[in-house]
Amino acid sequence: MAGGTFLRVAGISVLWVGLTRPAPGGQPADLAMRLGSGTGICVLVGLPEGGVHGATNLAESSRWILFVQSPDTGDITRLREAADAKGLLGRRLFAALEPWSRIPLADNLAGMVVVSDAGTARVPRGEVLRVLRPEGMAWMGGREFLKPFPPGGDSWSHVYHGPDNNPLSTDRLARWPCLTQFLAEPLFVPMPEVSVAAGGRVFRAFGHLAHQANQNRWLNTLVCVDGYNGLILWTRPLREGFMIHRCTMVATREVLYLADDQSCKLLDARTGAQSDEIVVPPGLADGPVWKWMALDAGVLYALVGAEEVHPPTQRSGGRQMGHWPWGMWPGHDYRDPATNFGFGRTLLAIDVASRKVRWSHREEAYLDARGLCMDDDRIYCWAPGTFLLALDRASGTVAWRNASPDLLGAIGPEGRAQLWETGYATTSYLKCGHGRLFFAGPQRSRLVVVSAADGALLWQRERGNFQVVLCEDGIYAAGTQRPTDPHDHGAKLTYDGQVLAQLPKRRACSRATATPDSVFFRANGGTIRIERTTDTAHHIAPMRPPCHDGIIVSEGHLYWGPWMCGCQLSLYGHIALAPAGDLASVAASGAPRLEPGDGDPGTVRPLPVEPGDWPCSGADSARSQVVSTGLSEQLEPRWRTVLARGVLPTAPVTAGGMVFVADRSGAVTALGADGSLRWKAYTGGSVCFAPALWRGRLFAGSCDGRVYAFEAATGRLLWACRVGPAERLLFAYGELISTWPVAGGVAVEDGVVYAAAGLTHYDGTHVVALDAISGALLWHNGSSGLLSPTAASGISLQGEVRIEKGEFRFAGGGVYETARFQLSTGACLNPPYDGIESRYHTAFYAYYPEYGRHLSLDCPLPDGSALEYDITYEGSRHGRLRRLAPLPPGASRPGKPLSRWGWPPRNAASMPAVWESPTDRRYTAFVVASNVLLAAGDTSREGRTVPFLAAVRLEDGADLWVHELPGLPVRGGLAVDRSGQVYVSFEDGGMACFGPPR
């Protein structure tokens, strides 16, 4: 390309380069070719060349996800219709009606931005730069520019951040407060896990032990993820039989160094292709296996040696979400140093450029790779029970060796370390810094501190298993949680061992990590964040550090890895947080915004709701699943249609001879009772729960952060209200959604629409009441995300909204099981909880439909009996459908957790039942009529899953009939109308109708 100029924007110098082939419309003529085989998020500000057809062609022909914005309503409507017709909307292509002045994406989310000719003079260049990720490319006004990495970032180049094994990032960009940046796959992965990050990419290696079926696909797999948006860039198989949980992976911006039992592979960081390899020279060591390595200043340091135990790959057929069955797998017992994981006798220094060995050093005793670390001058090595050694990095000569009895006795033998409280046996336990060496970790019975100058014992602290981070202001030693020992907790220590502050207990196995302003470790459900300036403990409730890595930090982002187990969590998967910056104050104090629709919202064509209709999810705003009328005891198929192939629809609602359903593409569809299409409209994001009808109006909550009101008879947009405080889209499990999505649906009662928006308490949770006719704001509560200033925790939107017992309610996350708000004022009725723990389980159906698809039932009947069906939130344990006998006078039925986790309690007395279903059916939807129970779900037959719709007689639980269905009904996916027709929506995007015999 020709010479360029530098543009200074927000403190960053950006190189502008003239296009070699200027294109009309301000776009490169070869945009499709430039997108190529890569992947990312591409923003088109204005339609591309070829208009609507050009945009859909780009989405079809590339792996990129397109976000197209325009202020032209006609352009966006036509684009949504065309993308919907091709099955692209909400998956490969997203379209938003937005002004030129702002691109509504989170910072650094896009890999490419293309501004049309119409937008060139109107789109601020700083706005383009803001949403573009470092190394991303933009075209604007016939020129292109490349965004560099901002100053102040740091990489997590080694498994424990650096060769010193001290998990302390120096990243000055990753500062609290933060907002969610992405939620991504994988959700659950096998053990063990090893991660590094550099250059805006996160590399995660997954091992050989799957404990549930949802982990099998990632066995022995290396994954490279875009660190700014969570997209998987490439994957690569790992050597089966090589135990990966060791320090043999190092990341730079250009190359990933990955060593195994053959060689050290040099992989192109962008593509995963192997460019070269480094092999241990024959005769130099006991064998070719890489046990440990570190990279600094172009020199690769390694411990190498003989073949080890080859652990077999363990697949699983378990259906649960997770959990870790503890055991001593092959090789994890560390019985023989000749074959132990990571034990070797030869250290090497290799020049990466020339591949020449600078020096080698051999010991007769075996060195434990878990006990190796390196600083600027020396490599420190532990030969268990024999000696502690320091080698000069430059020459490989011995600087000192200490085998004194007091040192060996203090360090002591390694523990079993294969317990849930302590951790994984292969975890490194030696780190260096501040002139000292630190023995600490799951294998150690105590914290032992040694002089790095000569190996002399300095001091020790009993009650081991400390996860240690060495900071300038002190040693943060996160201690394990043992309920039987009140003294077993963590502490902040001076480098002489004096206590500066007591820290909360660390939950179980995950390691502690830190940034310049925070220390992170696992809570009893969620994450503890220690504010380093005050040593106060705050709670990040929705997610916990993964079992092996803890939270890693790179280029301004905090990363929670995918899980091995399913503990008290709200969010699962690969999760990133980014500094909130200027949005911190907006997230806390911003207000909802009403957006007008077409025409007069006060005048609509009537669509009456009558007894026997199903106008909202669950039949009413309490989600009771009950209709007051009876149903025909015989039904037959009437019609079947496909609404959106492969897109998950909501449950249907029905009234006035029409049926309404929305879906994850953002479409809202109205059908006649005969299945004919009446109208189709679009929101800007996925719709996760059924819309609601009220006086001729249809209301839907969308993950673009808005509540939409349509004229039910025609689809005319009456108004929309952005519930959250700002426009900020992030990437979540394949979709672009708002940081404040209206993911729990809406509840409508007495002319008021109630809705909640938000992902997590730390992002902020916003609850509103809107006038159903005009959309005017009646009240707004934006403070429930921070109910406890002490713990910095609050309510997260984690369930479908409802009105129950005169309150607006929804599942509130791990700390507040049920969020409760006063209907008249919006005041939050939950008392603050200052504890640093998550007490409840949830996997929100909006983001994890495969886990939340089944539906529990607790329905009281007029005679005092009750219908009951319980299934855990992730579907692993379920009871039987049954009718419980009436309770004695004055008695009440026991309360149950929303998740049904641990229900029924062990040794709980069984409630007497009138009848109990003898089948193994799992249910996704119910309709409770006065004479019959309609139930939909799935059952097993001859080794296959069979979806069904059944009519169950209330009197005795007998099946009146059972229809095998063409697909699995969605959660709550049944609706009935006044004529007795039954509508079923399926997970594959279809819908069917059943009616009484004619």
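**Close-up 1. Salt bridge between Glu363 and Arg401 in the predicted model.** The closest N and O atoms of Glu363 and Arg401 are 3.0 Å apart. The pair links distant parts of the chain, 38 residues apart: Glu363 is in strand β21 (residues 357-368) and Arg401 in strand β25 (residues 398-402). Glu363 is buried, at 7% relative accessibility, whereas Arg401 is partly exposed, at 40%.

**Close-up 2. Salt bridge between Arg436 and Asp496.** The side chains meet at 3.6 Å, N to O. Arg436 counts as buried at 19% relative accessibility, while Asp496 counts as exposed at 56%.

**Close-up 3. Salt bridge between Lys265 and Asp260.** The closest N and O atoms are 2.7 Å apart. Lys265 is buried, at 9% relative accessibility, and Asp260 is buried as well, at 6%.

**Close-up 4. A network of salt bridges that includes Asp858 and Arg880.** Among the other residues linked in this network are Glu868, Asp870, Arg882 and Lys896. The count for the model is 61 salt bridges.

Close-up 5. The model has 0 disulfides. For Cys373, the nearest cysteine sulfur is that of Cys432, 3.6 Å away. The closest cysteine sulfur to that of Cys993 is in Cys616, 19 Å away, so the two are too far apart for a bond. Cys373 is buried, at 0% relative accessibility, and Cys993 is buried, also at 0%.

**Close-up 6. Arg172 in a loop.** Arg172 lies between β8 (143-146) and β9 (178-184) and is exposed, with a relative accessible area of 56%. Beyond its neighbours up to four places away in sequence, Arg172 touches Pro151 and Gly152.

Methods:
Residues are numbered from 1 along each chain as its sequence is written. This is a predicted model: local features need pLDDT of at least 70, side-chain atom pairs count only at pLDDT 80 or more; totals for chains, interfaces and linings use all residues. Side-chain values use heavy atoms; hydrogens and water are left out. A disulfide is a pair of cysteine sulfur atoms within 2.5 Å. Buried means under 20% relative accessible area, exposed over 50%, partly exposed in between (1.4 Å probe, protein chains only). Helices (H or I, at least four residues) and strands (E, at least two) are DSSP runs, numbered from the N terminus. Contact means heavy atoms within 4.5 Å. A salt bridge is a side-chain nitrogen of Lys or Arg within 4 Å of a carboxyl oxygen of Asp or Glu.
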